[in-house]
Every structure is written in C-alpha cells, then in structure tokens.
Amino acid sequence: MYRLRVIDSFASAHFLRNYEGKCENLHGHNWRVEVYLEGDKLNETGLLVDFKEIKKELKKILDELDHIFLNEHEYFKNVNPTSENIAKYIYDKMKEKFENLMKSVVVWESDNAAAEYFE
Ligand SMILES: Nc1nc2c(c(=O)[nH]1)N=C([C@H](O)[C@H](O)COP(=O)(O)OP(=O)(O)OP(=O)(O)O)CN2
Ligand SMILES: [Zn+2]
C-alpha cells in the first residue's frame with residue numbers, strides 16, 4: 001500500500017455552541033489540516049495521485065474557510081464548528097474528487113490538540 005499526506009492550513013474565527021467554558025466565546029485558530037490518501041495502484045509514472053492535484057483540491061476547500069467566521073458558513077450554521085466536524089467536512093469534500101483513495105483528515109486547532117476523521 002501507498003499512503004500520501006498533504007498539509008495545508010487556514011485561519012478562521014469560531015465559537016462552540018452548547019459548550020460551557022471559554023470556547024463558547026468568539027476566538028480564532030490557525031488550523032493545520034493533514035489529508036491522507038491510500039491505494040495500492042500506481043500509474044505508469046509511479047504516482048498514486050499527483051501531489052499537485054491533492055494540494056489544488058485541498059486549497060480550494062480551505063480557501064472557502066479561510067478568514068471567515070465559521071459559525072456563519074452555510075455548513076456550520078447547523079453543525080458545530082468543532083475540529084471533529086471540520087475534519088469531516090473537509091474529508092467529505094475531498095472524497096467527492098478522490099473517492100476510495102481518501103483515508104482520513106486530521107485537523108489541528110493548536111500545536112497539541114487535533115481531531116481525525118476516517119470512515
Ligand atoms: N474535542 C474537542 N474539544 C474541544 C474543541 C474541539 O474542537 N474538539 N474545541 C475547543 C475550542 O475550540 C477551544 O478553542 C480550544 O480550547 P482549549 O483546549 O481550552 O484551548 P487552549 O488552547 O486555550 O488550551 P488550554 O489548555 O486551555 O491552554 C475546546 N475543546
Ligand atoms: Zn476554538
């Protein structure tokens with residue numbers, strides 16, 4: 001098997017609904033996002049998927065989340081913008097393009113806390 005990892009980041013503001021503590025207040029994060037793809041078949045060039053394609057797709061998704069107030073984003077109006085839910089959102093979007101090669105998405109909200117989504 002081969003596993004690819006691409007890392008990117010975005011910055012945005014949010015607050016957590018239904019949460020008691022400082023995170024119920026508006027604050028921001030520099031989110032670091034790792035996406036993982038896996039497969040066992042390489043193309044004739046020896047690539048599972050060109051990193052360029054993965055980076056392009058991920059950037060498109062993260063550009064929509066960058067420098068916004070996440071709670072007002074269409075998807076997160078009804079879904080709490082936790083790291084877990086952000087990871088699933090990015091995973092589902094990436095899966096539209098990379099289908100069965102998608103394995104997981106990890107979202108770091110700080111240097112020492114991350115959530116991972118996989119099926
Ligand atoms: N499982 C999750 N727990 C928490 C999430 C989350 O997305 N998933 N999010 C938050 C808040 O967004 C908050 O910003 C982070 O809280 P906290 O860890 O308290 O942040 P600090 O960096 O200030 O950490 P300290 O250890 O308190 O210094 C909360 N939990
Ligand atoms: Zn937060």
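Just after α2, glutamate 99 adopts a positive phi of about 45°. The model is a predicted one. Helix α2 covers residues 83–98, and at 1.5 Å a residue its 16 residues should span 22 Å; the end C-alpha atoms are 22 Å apart, which agrees with that expectation.

The buried residues of this helix are Ser83, Ile86, Ala87, Lys88, Tyr89, Ile90, Tyr91 and Met94. An α-helix has 3.6 residues a turn, so residues three or four places apart point the same way. The cover over the buried residues of α2 includes β2 (27–39), α1 (51–65), β3 (102–110) and β4 (113–117).

In soluble globular proteins, nonpolar side chains tend to be buried together. Here the largest nonpolar core comprises 23 residues, and Val35, Ile90, Met94, Val105 and Val107 have the most contacts inside it. Two or more residues of this core come from each of β1 (2–14), β2, α1, α2 and β3. The greatest contribution is that of α2, with six residues.

Leaving aside residues up to four places away in sequence, valine 107 touches Trp31, Val33, Ser83, Ile86, Ala87, Ala114 and Ala115. Among these partners, Ser83, Ile86 and Ala87 also belong to the buried residues of α2.

## Surroundings of ligand 1

Ligand 1 is surrounded by Leu16, Cys23, His27, Thr82, Ser83, Glu84, Glu109, Ser110, Ala113 and Ala115. The elements that supply two or more residues to this shell are α2, β3 and β4.

## Overall fold

The chain contains two helices and four strands, which follow one another from the N terminus in the order β-β-α-α-β-β. The radius of gyration is 15 Å, close to the 14 Å that the globule rule gives for 119 residues, so the chain is as compact as a globular protein of that length. Along the principal axes, the C-alpha atoms fill a box of roughly 50 × 25 × 20 Å.

Buried residues account for 25% of the 119 residues. Of the contacts between residues at least 6 apart in sequence, 64% join residues at least 24 apart.

Technical notes. Residues numbered from 1 in each chain as written. Chains lettered and ligands numbered in written order. Predicted model: local features only at pLDDT ≥ 70, side-chain atom pairs only at ≥ 80, totals over all residues. Expected span 1.5 Å × (residues − 1). Buried ≥ 20, exposed ≤ 12 C-beta atoms within 10 Å, placed from the backbone. Contact = placed C-beta atoms within 7 Å. Near = placed C-beta within 6 Å. Rg over C-alpha atoms; globule rule 2.2 N^0.38 Å. Core = buried A, V, L, I, M, F, W, Y, C linked by C-beta atoms within 7 Å.
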